[in-house]
Amino acid sequence: MDKETNPIKVYYNSACPVCKAGIENQKSKMEGCSVEWKDIHSNPGFATEIYSEIEQVRERLHVVDEQGQTYIGFDAFLIIWQHSPGEKWKAALLGLPIIKQLGRIAYNQFAAMLYKWNKAKKHW
């Protein structure tokens with residue numbers, strides 16, 4: 001399977017203002033790249049494409065790579081950066097073993113806090 005016929009797929013939640021801003025910024029960096037942006041807020045059925053519950057996608061970013069493998073959270077960002085012009089260095093640096101582990105911990109803490117904040121604000 002080649003990259004031309006199998007774009008990466010990014011599953012995100014636009015009801016979260018922080019997530020929406022981040023995705024919109026990333027989209028602008030990846031214009032012309034082979035990416036499908038899948039907003040689970042506007043189409044909750046997208047969550048079933050990755051055999052996930054909608055709440056899991058609301059809490060953490062999900063990405064499916066060209067081979068069909070699903071990445072969640074910080075690892076999903078690494079896949080996005082690997083495919084983003086000008087950000088491959090970021091994926092290489094933040095993908096180093098110790099840095100990657102710290103990134104996962106930081107991301108998971110931030111995602112949990114952001115999810116609770118969004119629920120409290122009744123964004124969905």
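This is a predicted model: local features need pLDDT of at least 70, side-chain atom pairs count only at pLDDT 80 or more; totals for chains, interfaces and linings use all residues.
Biologist: Is H83 buried or exposed?
Modeller: Buried means under 20% relative accessible area. H83 has a relative accessible area of 18%. H83 is therefore buried.

Biologist: Which residues does H83 touch, and with which one does its side chain make a polar contact?
Modeller: Leaving aside residues up to four places away in sequence, H83 touches I8, M30, C33, E66 and K88. Within that list, E66 also has a side chain joined to that of H83 by a polar contact of 2.4 Å. The polar partner is E66.

Biologist: How many residues of helix 4 are buried, and against what do they pack?
Modeller: The buried residues of helix 4 are F74, D75, A76, L78, I79, I80 and W81. They pack against strand 1 (8-12), helix 1 (17-29), strand 3 (62-64), strand 4 (70-72), helix 5 and helix 6 (97-120). Helix 4 is mostly covered, the count being 7 of its 9 residues.

Biologist: In which sense do strand 1 and strand 3 pair, and what is the bridge partner of K9?
Modeller: Strand 1 and strand 3 have 3 bridges between them, in the antiparallel sense. In strand 3, the bridge partner of K9 is V64.

Biologist: With which residues does K38 form salt bridges?
Modeller: Side chains of opposite charge can pair when their charged atoms come close. K38 is buried, at 10% relative accessible area, whereas E36 is partly exposed at 30%. The closest N and O atoms are 3.5 Å apart for K38 and E36, and 3.0 Å apart for K38 and E49. The partners of K38 are E36 and E49.

Biologist: Which helix holds E49, and how many residues separate E49 from K38 in the salt bridge they form?
Modeller: E49 counts as partly exposed, at 37% relative accessibility. K38 forms a salt bridge with E49, and the pair links distant parts of the chain, with K38 in strand 2. E49 lies in helix 2 (residues 46-49), and the separation is 11 residues.

Biologist: Which parts does the salt bridge between R104 and D75 tie together?
Modeller: The side chains of R104 and D75 meet at 3.0 Å, N to O. R104 lies in helix 6 and D75 in helix 4, so the pair ties together parts that are 29 residues apart in sequence. R104 is partly exposed at 28%, whereas D75 is buried at 17%. The parts tied together are helix 6 and helix 4.

Biologist: How many salt bridges are there, and which residues are linked in a network?
Modeller: The count comes to 7 salt bridges. The residues linked in a network of salt bridges are K29, E87 and K90.

Technical notes:
Residues are numbered from 1 along each chain as its sequence is written. Side-chain values use heavy atoms; hydrogens and water are left out. Buried means under 20% relative accessible area, exposed over 50%, partly exposed in between (1.4 Å probe, protein chains only). A polar contact is a pair of N or O atoms within 3.5 Å; within protein, one must be able to donate a hydrogen and the other to accept it, and residues adjacent in sequence count only if both atoms are side-chain atoms. Contact means heavy atoms within 4.5 Å. Helices (H or I, at least four residues) and strands (E, at least two) are DSSP runs, numbered from the N terminus. Two strands pair if DSSP finds at least two bridges between them. A salt bridge is a side-chain nitrogen of Lys or Arg within 4 Å of a carboxyl oxygen of Asp or Glu.
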